[in-house]
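Subject: Structure for you to look at

Hi there,

Here is the structure I promised to pass on. Have a look at it first, and then read on for my notes.

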Amino acid sequence: MADVRIDVALAPRHLQVTLDVPDGQVVAVLGPNGAGKSTLLALLSGTLAPTAGSVAIGGRDVTGLPAHRRRVALLSQDALLFPHLSVLDNVAFAPRAAGVRRAHSEERAREWLEAVDAGQFADRRPGQLSGGQAQRVAIARALAADPEVLLLDEPFAALDVAVAPQLRALLRRVLAGRTALVVTHDLVDVVTLADRAVVLEAGRVVEDRPVRELVESPRSRFAAHLAGRVLLEGTLAGELDADAGGEVHRGDAVVIATALGPVAGLWQDDTAAGPGATALALVDPAAVSLHREAPHGSPRNCWPVEVAGMEPLGGQLRVIAHGVGSYGAVAQGPAGGVAPTVTAVRDGVSRGEAYVPEGGRSVRLAADITPAAAADLAVAPGRRLWFVVKAQQVRVYAGH
Amino acid sequence: MTREPPPIGPDGVRPRGVRPRGVRPGGVRPGGAHPHRIAPRLDRYAVPPWIWAPAAAGVLFLVLPVAAMAIAADWPNFWTLVTSQSALVALGLSLRTAAAATLLSLVLGIPLAVVLARGDFPGHRLVRAVVLLPLVLPPVVGGLALLLTYGRTGLLGGALEAFGIRIAFSTAAVVLAQTFVAMPFLVISLEGALRTGTEAYERVAATLGASPGTVLRRITLPLVGPGLVSGTVLAFARALGEFGATLTFAGSLQGTTRTLPLEVYLQREVDPAAAVALSLVLVAIGALVVLAVGARALSGPAAGDRRG
């Protein structure tokens, strides 16, 4: 095993990534489709050459080395077992290619097959294996190459949901102490396999943090979405209960200006910040309730929304909606684009008024409700409702 | 035994390492039929009824001449005719030269197909067109071209003569003429097989530490095995039937350059019955070849899957 230092650019794909992975760390590589995740893996494995920069593994510069001399094994969503070789020969392929004698290679292959609980498939043909069995064998084959770095490109994406957990447990076992990069779209992979998460967007690293921090207070929309949360970006306006623009500290009720209008929440950052600082509000859809009318009462965020769709979520329904311009009797308050004053927000919040500027249309919100509630409210795409969430349940923290 | 359907090969070019979601990489194996045996058709898609008439006419057009030959054949004397001394000499020469031409086609054609399928070099398309030219060239023109290259007064002929090598009108000329027309069949067949998605496997093999040479030997060529076999068989058949280029470049000397097709042409004037009998021998060899290749194509990957 070895540490990995990547500092590469690939001009045609607008990729520019710097990443250091210490020896033995597993890094989840996340990001929307086309963000450059697989390209990054290809640059590491040597199947693509960077236009600038370098890749170093265990202290040796491998930038100019072809794939077969890098000792980087790649595991993709398709097992890609060589169809003309038996399972045993597949696993023995790497030792054989390294010049190890046949008998010894096969012995090693058998050991690896046992290690992934696939010993009984040794004499089968890849075509006779199920997807999960084939992926098990592919893991053994990759490990038999004795790689310094393991690259996993959505290793479970092509598998049955029923099979994935066992394989995930297996991977967790074999990845212990290994240097690995795992490209995934699955939060479960991230929390079970990785120590650290890197989010790529448009070829750049936008987040690079321990997994725990990433899911708790994501800084990118992608990471928030992965964690099942809604992230609102904005600037800090100040404390909700004070007119003065002083600094806010952990636990303070604050207001931030977002595309959706002013959002009230609790400052959950150890660092103090003053008005104008970049701030993020994280909303848990489970804490959002749906109403026909804007309710009154304790400090709440009330957003007029138009329902875009619904998706099942466990025993509940997740309602996806977009902010809409203020409507109805509450169409008063600061116009879009004008920075809200704390007083206006506080007044608005206490009166159940909403100020959603035009830009709010681009904001995607989510609320988890029971199917019964959805039926009561006749939730359907195009329907206009209110999303309501208490200020205490909105987590606010410093942005970049 | 259940078998996964073969992964669908990506159709068309995509950037390396980028794959549309849900599309499995990897190969439809050459002759890429579905591995399941042909099931009775349940779908009711029908061809227009009138299309059967011209289709039947097409089959008749191809079958009738062969049938005519079989009818005209002097069956009681068939064995004597095909085992005459001149016939046996011609058959032996044909088999030897065709085998040599096939071997030469493999030695030159496999690297050529690999380079054409994988290589990215300037003039790639031009080279490909040139390689396939003999397919569309009248063989007699090919023979003339060979003569102007290797003949005594040809481009290289003079130089070869200086070393005491004379090619034109020798058995070597027969082999060269046959290779000239047969190799493109092998190249085109193998190149097609190499393009059906073995690249994902090759990439995996490389990340497992296999050098390009090892990848070619242990992954690429075995994966295109069926394509290689059918290409070889086609090349052999084409070499066996070669006439025009051989006659122009090698002449018709008994025992040296007079192959079976040339013998047939010669006997046609002297002893038509012998010509017909020898023709039927060529038909039989051709039929064997077509059946061998056809059987492979029909059985698809299962046939290529060398079970231990």
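**Strand 6 of chain A and its sheet**

Five of the five residues of strand 6 of chain A are buried, so this strand is largely enclosed by the rest of the structure. Before going further, please keep in mind that this is a predicted model, in which local features need pLDDT of at least 70 and side-chain atom pairs count only at pLDDT 80 or more, while totals for chains, interfaces and linings use all residues. Residues are numbered from 1 along each chain as its sequence is written, and chains are lettered from A and ligands numbered from 1 in the order in which they are written.

A word on the terms: a residue is buried if 20 or more other C-beta atoms lie within 10 Å of its own, exposed if 12 or fewer, and partly exposed in between, with C-beta atoms placed from the backbone. Helices (H or I, at least four residues) and strands (E, at least two) are DSSP runs, numbered from the N terminus.

Both faces of strand 6 of chain A are covered: A:Val72, A:Leu74 and A:Ser76 are buried on one side, and A:Ala73 and A:Leu75 are buried on the other. In a regular strand the side chains alternate between the two faces of the sheet.

Where does strand 6 of chain A sit in its sheet? The sheet is open and has six strands in the order 6-7-8-3-9-10 (chain A), with mixed pairing; two strands pair if DSSP finds at least two bridges between them. Strand 6 (72-76) and strand 10 (204-210) of chain A are at the edges with a single partner strand each, so one side of each has no neighbour in the sheet. Neighbouring strands of this sheet are turned by 20° against each other on average, direction ignored. For such angles, axes are lines fitted to C-alpha atoms, for helices over the stretch in contact, and angles run from 0 to 180 degrees between N-to-C directions.

Strand 6 of chain A runs parallel to strand 7 (residues 149-153) of chain A, and five bridges join them. In strand 7 of chain A, A:Leu151 is the bridge partner of A:Leu74, and A:Leu152 stands opposite A:Leu75.

**Elsewhere in chain A**

From the UniProt record (an unreviewed entry) comes the feature "domain: ABC transporter" at residues 4-227 of chain A; annotations of this kind may be inferred rather than shown by experiment. The end C-alpha atoms of residues 4-227 of chain A lie 27 Å apart, and the span is 35% helix and 25% strand.

A second open sheet has five strands in the order 15-19-16-17-18 (chain A), with antiparallel pairing. Its edge strands are strand 15 (289-291) and strand 18 (364-369) of chain A, each pairing on one side only. Here neighbouring strands are turned by 45° against each other on average, direction ignored. Six bridges join strand 17 (residues 316-323) of chain A to strand 18 of chain A, and A:Val319 stands opposite A:Ala367 in strand 18 of chain A.

One backbone detail may interest you: A:His14 has a positive phi of about 55° although it is not a glycine. Most residues other than glycine have a negative phi. A:His14 is found in the loop between strand 1 (4-10) and strand 2 (15-21) of chain A, and A:His14 is exposed, with 12 other C-beta atoms within 10 Å.

**Chain B**

How many helices and strands are there in chain B? Chain B has 14 helices and zero strands. Buried residues make up 39% of its 308 residues. Among contacts in chain B between residues at least 6 apart in sequence, 76% join residues at least 24 apart; two residues are in contact if their C-beta atoms, placed from the backbone, lie within 7 Å.

Helix 3 (residues 85-118) and helix 7 of chain B pack at an angle of about 40°, with their axes 7 Å apart.

B:Pro134 lies in helix 4 (residues 124-136) of chain B and is buried, with 21 other C-beta atoms within 10 Å. Leaving aside neighbours within four places in sequence, B:Pro134 is in contact with B:Gly142, B:Phe180, B:Val181 and B:Pro184.

B:Phe169 also has a positive phi, near 60°. B:Phe169 lies in the loop between helix 6 (157-162) and helix 7 (171-194) of chain B, and is partly exposed, with 18 other C-beta atoms within 10 Å.

Best wishes
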